[in-house]
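Could you walk me through this model in my viewer? I would like to know what to select next and what I will find there.

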Amino acid sequence: MTEQEIIDRINSSLAEEFELDPEAMRPEAGIYEELELDSLDMVDMVIVLENAFGFKIREEQAIREIRTLGDIHRFVIEKKAALATAS
Amino acid sequence: MQLRRVVITGMGAVSPFGRGTALLMSALEEGRSGVRHVSELEAMKGMRTQVAATVPELDSLPIPRKFRRSMSPMSIFATLACQDALRQAGLGADDCATGNLGVSIGSTVGSPNAFYAAMEDFFVDRSFERLKSTFFLQIMSHSCAANVAQTLGINGRILAPSAACATGSQAIGYGYETIAMGKQQQMLCGGADEFHPMTAAVFDIINAISTGYNDRPTETPRPFDRDRDGLVCGEGSGVLLLESLDSARRRGAAILGEVIGFATLADPTNIANPNTEAMEKCMRKAVEDAGLEPDRISYVNAHATATEQGDRAESHAIHRLFGSEIPVSSLKGHLGHTMAASGALELVATVEMLARKRLIPTLNLKNVDPRCAPLNYVTSVRNACIDTVIKNNFALGGVNSSIVVRRYQDD
């Protein structure tokens with residue numbers, strides 16, 4: 001899976017779950033301010049990403065540091081790379 | 001304490017006929033049935049009924065996702081009904097945020113659909129890892145009331161009575177008392193429920209559901225009829241905007257009717273079986289609460305779900321209190337039993353009957369069960385000079401509830 005494919009899957013999964021406008025899904029978009037998600041949505045975002053990529057991330061500290069859509073992209077790309085290295 | 005008079009200034013209905021009071025009333029007056037065959041039920045073991053009065057698909061997308069995410073169908077029904085009631089009453093977003101408006105809306109249980117889906121997913125691998133954050137917000141007992149308040153920006157009182165089939169009636173009664181005591185100026189009151197096969201199964205196992213009309217669903221249920229074979233589960237929401245008369249007058253609001261009496265009581269004789277004495281007592285107390293004698297009541301909108309025990313007990317209770325001349329009908333022949341919504345949805349239609357001076361008959365009542373009391377059963381649409389009416393609801397759990405409403409008189 002290329003990085004672009006990962007980004008596309010993240011964006012489509014989040015757009016479907018949270019009914020986001022694809023136009024608004026820029027990497028610099030703030031999760032809370034621009035995409036208007038809240039703490040409940042962040043709980044569900046973890047489930048959506050776990051389901052989309054088949055990994056477990058609920059306990060990861062880095063999840064709590066996410067502020068922009070780009071942060072999510074980087075987090076998932078790094079997580080997948082780490083898992084690939086580990087295996 | 002000087003009690004305030006309480007009037008109705010708005011109504012909303014989501015019924016098996018769709019969204020809106022107009023749709024509901026045209027279907028009732030035309031004698032149409034909201035009952036349909038539900039093929040999903042065919043393959044379920046132990047499920048003998050295959051009919052239900054379900055709500056046709058509604059457009060819920062105008063409700064923003066931020067609010068819709070915590071809603072199951074019953075909260076969507078309730079929210080749409082509340083929006084329509086507020087619109088009719090001429091109340092906008094600013095009026096919701098004054099603190100003068102409260103909510104009294106209940107359901108039988110929290111969302112059975114959400115609960116079943118979550119459990120189905122859990123039992124795949126006994127994992128809660130996929131449980132969404134909004135699950136609890138859909139299954140909590142006050143889900144409808146809370147979602148309505150959140151969506152409409154209401155910051156007054158929240159009540160969420162839960163008494164199965166008497167829920168909507170109690171919610172209106174408690175809202176009426178809240179306004180009468182001066183605690184709120186306006187209350188959105190009613191009930192909501194969503195269909196789930198589990199609900200049908202509950203009534204199927206206690207032999208209270210219709211099983212013999214699966215091939216001709218519009219001929220059941222048949223309240224008071226000799227050939228009835230039980231109730232039909234329905235869904236929807238009814239909401240009435242109750243308001244103090246002072247507030248309604250101040251705003252120049254159109255007044256649709258006045259709530260003048262309410263009674264609710266426990267019937268401890270049996271948790272499931274209806275009891276004529278307790279039903280009569282409940283109606284008598286509601287009439288007394290209205291400060292009237294029984295002969296002032298000109299129509300009874302019965303609970304009558306089309307079970308043998310329920311219809312017979314209620315008919316004899318009505319006969320004891322009001323005699324044999326009083327017009328009586330049940331709307332469950334058209335609507336099925338919309339459970340927690342039934343008290344409110346049927347009261348919406350009853351208030352419309354008051355305004356139109358026309359009685360809606362009991363659909364499918366062809367031959368009165370000889371073991372029902374002799375009453376003036378309404379079997380066709382009939383013009384009538386009704387001005388004070390009583391609406392009954394009786395619930396599993398031994399909960400009775402009756403409301404008295406009259407045409408508003410400026411006196």
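Start by selecting helix α3 (residues 73-89) of chain B together with helix α7 (residues 143-152) of chain B: their axes come within 9 Å and cross at roughly 50°. Axes here are lines fitted to C-alpha atoms, for helices over the stretch in contact, with angles from 0 to 180 degrees between N-to-C directions.

Now show the side chains at the contact (C-beta atoms, placed from the backbone, within 7 Å). From α3(B) you will find M74(B), S75(B), A78(B), T79(B) and C82(B), facing S143(B), C144(B), N147(B), V148(B), T151(B) and L152(B) of α7(B).

A word on what you have open: this is a predicted model, where local features need pLDDT of at least 70, side-chain atom pairs count only at pLDDT 80 or more, and totals for chains, interfaces and linings use all residues. Residues are numbered from 1 along each chain as its sequence is written, while chains are lettered from A and ligands numbered from 1 in the order in which they are written.

Next, colour chain B by domain, with bounds from an automatic or database assignment: domain 1 is 6-251 and domain 2 is 262-406. Their centres, taken over C-alpha atoms, are 20 Å apart. Domain 1 of chain B brings 63 residues to the contact and domain 2 of chain B brings 52.

Finally, go to where the chains meet: six residues of chain A are in contact with five of chain B.

Notes: Two residues are in contact if their C-beta atoms, placed from the backbone, lie within 7 Å. Helices (H or I, at least four residues) and strands (E, at least two) are DSSP runs, numbered from the N terminus.
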